Amino acid sequence: MSKCEREIQREIVAALRTIGCVVLVTSTYKSARNTRGTPDLFVFNDGAGFNRRGWIGLECKSGTGPLTAEQKRLVYAGMVTVVRSAEDALKAVR
């Protein structure tokens, strides 16, 4: 995870927690030890004030950050949403 992506992820986590979402961070700022393709964040909202309810996987990327083959498959299947800003993340959970 690049420095830029770390900063984006921090902003996203803060924004989501501010609106009451539970955010589980699966990536680390050193080296991720998860299965390839695992989203950076799993976000839960209980539906209060949201159209969407439940868990959503978010992959945090910089403006030009590429996706791995595994991530592309999950995005295509609708299991993960790519977010490049806190605004993207807020739209994804609403």
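**Close-up views of a predicted model**

View 1. Ala 86 sits in helix α3; here, helices (H or I, at least four residues) and strands (E, at least two) are DSSP runs, numbered from the N terminus. You are looking at a predicted model, in which local features need pLDDT of at least 70, side-chain atom pairs count only at pLDDT 80 or more, and totals for chains, interfaces and linings use all residues. Residues are numbered from 1 along each chain as its sequence is written, and side-chain values use heavy atoms, with hydrogens and water left out. Is Ala 86 buried or exposed? Ala 86 counts as buried because its relative accessibility is 14%; buried means under 20% relative accessible area, exposed over 50%, and partly exposed in between (1.4 Å probe, protein chains only). Setting aside residues up to four places away in sequence, Ala 86 touches Glu 11, Ile 12 and Ala 15, where a contact means heavy atoms within 4.5 Å. Ala 15 is 71 residues from Ala 86 along the chain, yet their C-alpha atoms are separated by 6.3 Å.

**View 2. A negative surface patch.** Which residues form the negative patch? They are Glu 7, Glu 11, Glu 87 and Asp 88. Helices α1 (3-18) and α3 (86-93) each supply at least two residues of this patch. Patches are made of residues with over 30% relative accessible area and no salt bridge, with like charges joined within 9 Å and nonpolar side chains (Val, Leu, Ile, Met, Phe, Trp, Tyr) within 5 Å. Lys and Arg count as positive and Asp and Glu as negative, while His and the chain ends are not counted; a charge is placed at NZ of Lys, CZ of Arg, CG of Asp or CD of Glu. Asp 88 belongs to helix α3, and with a relative accessibility of 30%, Asp 88 counts as partly exposed.

**View 3. Val 13 and Arg 10 on helix α1.** Both residues have their place in this helix: Val 13 and Arg 10. Val 13 is buried because its relative accessible area is 8%, whereas Arg 10, at 44% relative accessibility, counts as partly exposed. Not counting residues up to four places away in sequence, Val 13 touches Val 23, Val 25 and Leu 41. For Arg 10, the C-alpha atom lies 10.0 Å from that of Val 25, which is 15 residues away along the chain.

**View 4. A nonpolar surface patch.** Val 22, Leu 24 and Trp 55 make up a nonpolar patch on the surface, and together they have about 300 Å² of accessible area. Such areas come from the Shrake-Rupley method with a 1.4 Å probe, and for residues, only the protein chains shown count as cover. Leu 24 is part of strand β1 (residues 22-25). With a relative accessible area of 42%, Leu 24 is partly exposed.

View 5. Gly 54 is buried because its relative accessible area is 16%. Leaving aside neighbours within four places in sequence, Gly 54 is in contact with Val 43, Phe 44 and Asn 45. Val 93 is 39 residues from Gly 54 along the chain, and the two C-alpha atoms are 9.0 Å apart.

View 6. Side chains of opposite charge can pair when their charged atoms come close. How many salt bridges does a search of the whole structure find? The search finds one, formed by Glu 59 and Lys 61, with the closest N and O atoms 3.9 Å apart. The criterion is a side-chain nitrogen of Lys or Arg within 4 Å of a carboxyl oxygen of Asp or Glu. Both Glu 59 and Lys 61 are buried. Ser 62 is found in the loop between β3 (54-60) and α2 (69-76) and is buried, with a relative accessible area of 11%. Not counting residues up to four places away in sequence, Ser 62 touches Cys 4, Glu 5, Ile 8 and Arg 84.

**Setting for the views. The protein has three helices and four strands.** From the N terminus on, its elements run α-β-β-β-α-β-α. Of its 94 residues, 38% count as buried. The accessible surface of the protein comes to about 5,800 Å², and 53% of that belongs to carbon and sulfur atoms. Among contacts between residues at least 6 apart in sequence, 42% join residues at least 24 apart.
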